[in-house]
Amino acid sequence: MERLSSPAELEKVRKSIVSKRDAKKPCITVCSGTGCHAFGCEKVSTAFQNEIKRLGLEEKVDVRTTGCHGFCERGPLVVIRPRDIFYQRVSADDAAEIISETVLKNNVIDRLLYADPNTGKKVVHEHEVPFYAGQKRFVFGNNGYIDPSSIDDYLAVGGYAALGKVLSGIKPEAVIEEIKKSGLRGRGGGGFPTGIKWESCRNAPSEDSVRYIICNADEGDPGAYMDRSLLEGNPHSVLEGMLIGAYAIGGHEGYVYVRHEYPLAVKNVRLAIKQAEEYGLLGKNILGSGFDFSIRINRGGGAFICGESSALMASLEGKVGEPRAKYIHTVEKGLWEKPTTLNNVETWANVPLIINQGADWYTKTGTANSKGTKIFSLVGKVNNTGLVEVPMGITLKEIIYDIGGGIPGGKKFKAVQTGGPSGGVIPDSLINLPVDFDELTKSGSMMGSGGMIVMDEDNCMVDIAKYFIGFLEGESCGKCVPCREGLKRMREILDGISEGRGKEGDIELLERLSTTLTDGALCALGSTAPNPVLSTIRYFRDEYEAHIKEKRCPAGVCKELITYQIIKEKCPGCGLCIKSCPSEAITSGGKKQPVILDQEKCIKCGACYDVCKLGAVKVS
Amino acid sequence: MHAEAGQIAKKVGAILDKYQHDKGMLVSILQDIQEEYNYLPRESLEYVSKTLDVPFSQLYSIATFFKALRLTPRGRHLINVCLGTACHVRGAVKVLETIERELGVKSGGTTDGLEFTLETVNCVGACALGPVVIVDGDYHGQMKTEKVKDMIKQYS
């Protein structure tokens, strides 16, 4: 490929790519995100390719493996475009029938359609599936249309047009102004206004005018994977955002810091960088404008703290990822002591959108102080698990019930956890809360990077607090005392409460320790760490008290406080639980008689409870 | 498994060349060395320390700070249990405990004869499949305690 030497040439190439494509030609898109991968989508796409070859249809039908479509729960997903026919739970055996019936004869295959679990109604088109219907997929939408390994696919949907636009004569200051006007705030958790960050970085003095750009793809929040899906499914959109940011702040070197647990993201970004370089969209004299920018990839080493900007930069410098006090901001002295702009993957992916459509268009979506959309990973005890992109200001109820399809198994909704380990739980009583940066903070949680973990009546709030504190204790870098020691003590107290050793005054002690961490910790990992504890105490104090005073776990989770029992009337003595019990605590009670559970031997592993399909084992 | 000096110089030397002896790429360099040896042999760290003029203690500190790096060899099969929040609320701890009992090792341990290493990971981003267990890169989704035995059998 020849390097493009001007924005006009870019448009010419785009036109030629689009003109060679027939918009009416059937295209079988197979979702190849991580969820669908685990469901075996690779075999599905191979089956399509083989069948097309067998029938000699290569010229008439396209097969495209795309990034994540979001509806992971129903994978492997297949969408037949341009008619948008949506098939779910597709297996390799279905490929031949889909081609002969749907692609060639326009017939819809009923059994592969999605059925609304609430109404039982079958849905034919992708955009009519309730999971998608309530979303606004500005940033994430192209994932379902493009092959992430093809830069031409990205160009065909208007890719790099925003870059072409800014390099056609928009001044860097004007780019910053547009981003400021859009109200874009950092999607990684902090919610800091992106335009102001860029402006400070551009204005920060740098002797040799070196300034760095970093894409933070160290998505460490457990239960969140939207950055991964963007990088895997549409890497060029992130690179384009970084390019525009670099131009705006006057930077020439950039880094993508990505978790090593995301090998496919690393692979796709690496390929995208190479393709962009070949087209002259990265490197020297980009599109003939005189602007230079190059991007390198660094793989994280599996440390949650490296998602914190100064720790990430330390790690990029080849050091241990410890944060530093930020009385001097990283926009002034960041990587190698140079002014550095670090934004999260999703933030970068928003940038081309704002430049293309304008800040005025962008601000039409969202609330007063939170503009645009946000991608959440809606996971846990919810029917439609997956990635959802919604306008800021949508209520939790709309997300969990309308898009998420409610709670599985007829269980009762209890709380939703947002913001990862730095966030908190939001109870049922706040289900109508509009989701934006400020409202979530007011509720005692936070936006965070976008994890949204739904919990039902079977989840214990003390256990959840213990889970997050345990997680953070392990991930604390150990540099400052409040975080290193405070989290350890908090975890010990929570262990005590969940193991029946809780005592009067524990809750108050947890609250006091929380204040110490909030005020005294060096970085945001420590200062926000008490949120899961404080929010569970705030909304579920009675549950803590049941553990402490009555030595009882109401949700039946905390091992030391529960017992497993056999409900005699329901047990036919089939013996499945006897086989599954690792401690030989269950013995036969005679033929067709209920089994006998010896409490002395029971290790409370729950194997019998899981294996019994008759509900004859109860937890109390 | 024991790495001899000449071989180390060649293999690790090539990795250092790939990164142009850039001290800023230490984490990536150690990751690549680990991919080569399946752990970080002491000799390889000594070689890096000498060649790049980085204190040995700094390499030790990096190798023990990042979860992805390890100083002891791993078993032939790696079982990784995801303990992300989504998996946690769906019972990942019970699954982990069952695997621990089956293998007779705790999380972080390796079975006799270096067959299985059991590790946990904070989230692999496959939350729809939770609880997820990854064995040698294969995703086993919607894991249940009663499915553990069969899963392990597939690999032993």
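Which elements cover the buried residues of α8(A)? They include α7 (161-167), α9 (194-203), α11 (235-249), α14 (345-357) and α15 (359-362) of chain A. Here a residue is buried if 20 or more other C-beta atoms lie within 10 Å of its own, exposed if 12 or fewer, and partly exposed in between, with C-beta atoms placed from the backbone.

This is a predicted model, in which local features need pLDDT of at least 70, side-chain atom pairs count only at pLDDT 80 or more, and totals for chains, interfaces and linings use all residues. Residues are numbered from 1 along each chain as its sequence is written, while chains are lettered from A and ligands numbered from 1 in the order in which they are written.

**Chain A as a whole**

- Chain A has 24 helices and 19 strands; helices (H or I, at least four residues) and strands (E, at least two) are DSSP runs, numbered from the N terminus.
- Its C-alpha trace spans about 85 × 65 × 40 Å along the principal axes.
- Of the 620 residues in chain A, 56% are buried.

**Helix α8 of chain A**

- In α8 (residues 172-182), the buried residues are V175(A), I176(A), E178(A), I179(A) and S182(A).
- These residues sit on the same side of α8(A), because they cover an arc of only 160° around the axis; the arc is that of the directions from the helix axis to the C-beta atoms.
- E173(A) and A174(A) are exposed on the face turned away from the buried side of α8(A).
- Just after α8(A) comes G183(A), with a positive phi of about 75°.

**Strand β11 of chain A**

- Eight of the eight residues of β11 (residues 373-380) are buried.
- β11(A) runs antiparallel to β12 (residues 386-391), joined by six bridges; two strands pair if DSSP finds at least two bridges between them.
- A hairpin of five residues links β11(A) to β12(A), and S377(A) stands opposite L387(A) in β12(A).
- With β15 (residues 451-456), β11(A) pairs in the parallel sense over four bridges, and V379(A) stands opposite I453(A).

**Where chains A and B meet**

- Chain B gives 37 residues to the contact and chain A gives 44; two residues are in contact if their C-beta atoms, placed from the backbone, lie within 7 Å.
- On chain B, the elements giving two or more residues to this side are α2 (26-37), α4 (56-65), α5 (85-89) and α6 (92-103).
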